[in-house]
Amino acid sequence: MVGLGLIIVGVAALALGPIPAVILILVVLGVAGTEMMGALHRGGYNPAGLVGLAGVVGLVIGAYNVGTAAYPVVLGLAVMAGLLWYLVVAPGDNVVQNLGATMLGMMYVGGLGSFAVLLIGLGRFSPDGKGGSWLLFGAVVAAVAYDTAGYFIGKTLGASPLGGALRAVSPNKTQEGLMGGVVVSILATFIY
């Protein structure tokens, strides 16, 4: 039910146009950024959470307004704000390590997540102005199809676990699930 509700909210935001879609992306990445900063904290780091979240928001808004030119500006401002944070707000040991963790979290969530906004920006070149939103939805369809099919195919037909470093990353994934997810994702994308 939660997944169905999220699909309805996502489709509605994308159908309404770029601004509601960007707002939805900001909310999703804000929640993800908060979770990431919490995970870093639980992992023994002391991230500048407020700086990291401001950077996530800055990357999304900057990417929507000026494109990729926003990345170095936001990153530079975030590094300076992070240095000030550890100088004034939370001085202590391991400043470089904690600032690095903050920047990693910001770029992992905001840097990668802001590409969704760049896809929406491509809609400016489509006849109805919404082509980018549907391009983003196609990327979501591909990811969901891969994940769902990989899980079900791996559970029902999976007999050969992944080996090597892949096994360490995803210990329960099977070769059948991986290949099934890839094939279904390609088919779903083609149909979409």
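In this predicted model, helix α3 (residues 49–66) and helix α4 (residues 70–89) pack at an angle of about 165°, their axes lying 9 Å apart. Axes here are lines fitted to C-alpha atoms, for helices over the stretch in contact, and angles run from 0 to 180 degrees between N-to-C directions. The angle therefore makes α3 roughly antiparallel to α4, a term for angles over 145 degrees. The crossing of α3 past α4 is right-handed, that is, the near helix is turned clockwise from the far one by less than a right angle.

On the α3 side, the residues that meet α4 include Leu-50, Gly-55, Gly-58, Gly-62 and Val-66; among their counterparts in α4 are Ala-70, Tyr-71, Ala-78, Gly-82 and Trp-85. The residues of this contact comprise eleven nonpolar, four polar and no charged, with Gly counted as polar. Contact means heavy atoms within 4.5 Å.

The chain as a whole has nine helices and zero strands, where helices are DSSP runs (H or I) of at least four residues and strands (E) of at least two. Its C-alpha trace spans about 55 × 45 × 30 Å along the principal axes. Among contacts between residues at least 6 apart in sequence, 65% join residues at least 24 apart.

Of the 192 residues, 34% count as buried (under 20% relative accessible area, 1.4 Å probe, protein chains only). The chain exposes about 11200 Å², of which carbon and sulfur atoms supply 75%, by the Shrake-Rupley method with a 1.4 Å probe.

Residues are numbered from 1 along each chain as its sequence is written, and side-chain values use heavy atoms, leaving out hydrogens and water. Local features need pLDDT of at least 70 and side-chain atom pairs count only at pLDDT 80 or more, whereas totals for chains, interfaces and linings use all residues.

Methods
Angles under 35 degrees count as roughly parallel, over 145 as roughly antiparallel, 65 to 115 as roughly perpendicular and the rest as oblique. Buried means under 20% relative accessible area, exposed over 50%, partly exposed in between (1.4 Å probe, protein chains only).
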